[in-house]
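Dear colleague,

Please find the structure below, with its sequence.

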Amino acid sequence: MEPFRIPAELEGFSRQYPNAKEIARISKAEGEKARIIFSRLWLSEGIPFAFKENPAVFESLRTWLSIQLEVHAKEVGVTGSAQLGTSLSPKQLGSRFDSESDLDLFVISSSLFDQIKRDFQRWSCDYESGACQPKNVREENFWRNNLKRGQTLILRGFLDQKMVPNRQEYAMISKISQIMWLLTKKLKLTKNAPNPAKASLRCYSSWDAFVRQVTMSLGSE
């Protein structure tokens, strides 16, 4: 019989909110095992850094959000600097979460993912046919990029709400955008809670898709 084995990079590692140097060390570990463990245990579980002063606020938030989106509360979480206190992006590693940081949320739901995917596909057709027009050059640049990236992200099993314009004809995107707006307003009224200017949502089709994407992101340069 053999003992449980863990990667050397995680031996004795117990800090709830690792600093940028520790995250970088785990990100550069050989193989994927350390990054997979880190993704599951640190990035999808635990009390988010943004809510460490009053953790029950996060539970109240995700319970409310689960009702709005008809998903289970356990399938709602936060990503980025709001989760660990520092950005995980290689280009922004070390950037701390503060009162001006956005709140990036995620949901694991195949049903919600399918609804967002349908809105994305409907918008793609409308944009390419000219039925849906961008407001200005800046928006058009974003749309072109989103159109190109969207199909790749769908194959990876996730999509961001922000990739589709907030317009009535894209019902689920419009609903999520309204919910995100309400969420920020509710946080402003809540004592000892983060006060983000914006909140956004990413939806994964499964936990496997979440772990796969976060693990890949950790390993990127």
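The axes of helix α5 (residues 110-129) and helix α6 (residues 137-156) come within 11 Å of each other and cross at roughly 135°. Axes here are lines fitted to C-alpha atoms, for helices over the stretch in contact, and angles run from 0 to 180 degrees between N-to-C directions. The angle makes α5 oblique to α6; under 35 degrees counts as roughly parallel, over 145 as roughly antiparallel, 65 to 115 as roughly perpendicular and the rest as oblique. Helices (H or I, at least four residues) and strands (E, at least two) are DSSP runs, numbered from the N terminus.

This is a predicted model, in which local features need pLDDT of at least 70 and side-chain atom pairs count only at pLDDT 80 or more, while totals for chains, interfaces and linings use all residues. Residues are numbered from 1 along each chain as its sequence is written, and side-chain values use heavy atoms, with hydrogens and water left out.

The crossing of α5 and α6 is left-handed, that is, the near helix is turned anticlockwise from the far one by less than a right angle; clockwise would be right-handed. Among the residues that meet there are F113, F120 and W123 in α5, and W143, L147 and I154 in α6. By class, this contact has seven nonpolar, four polar and four charged residues. Contact means heavy atoms within 4.5 Å. Ala, Val, Leu, Ile, Met, Phe, Trp, Tyr, Cys and Pro count as nonpolar, Asp, Glu, Lys and Arg as charged, and the others, Gly among them, as polar.

The crossing is right-handed. In α3, the residues V57, L61, W64, L65, Q68 and L69 take part, and their partners in α7 include I176, I179, M180 and L183. The contact of α3 with α7 has eleven nonpolar, one polar and two charged residues.

N166 lies in the loop between β3 (158-160) and α7. Leaving aside neighbours within four places in sequence, N166 is in contact with I173, S174 and S177. N166 and Q178, twelve residues apart in sequence, are 8.9 Å apart in space, C-alpha to C-alpha.

Yours sincerely
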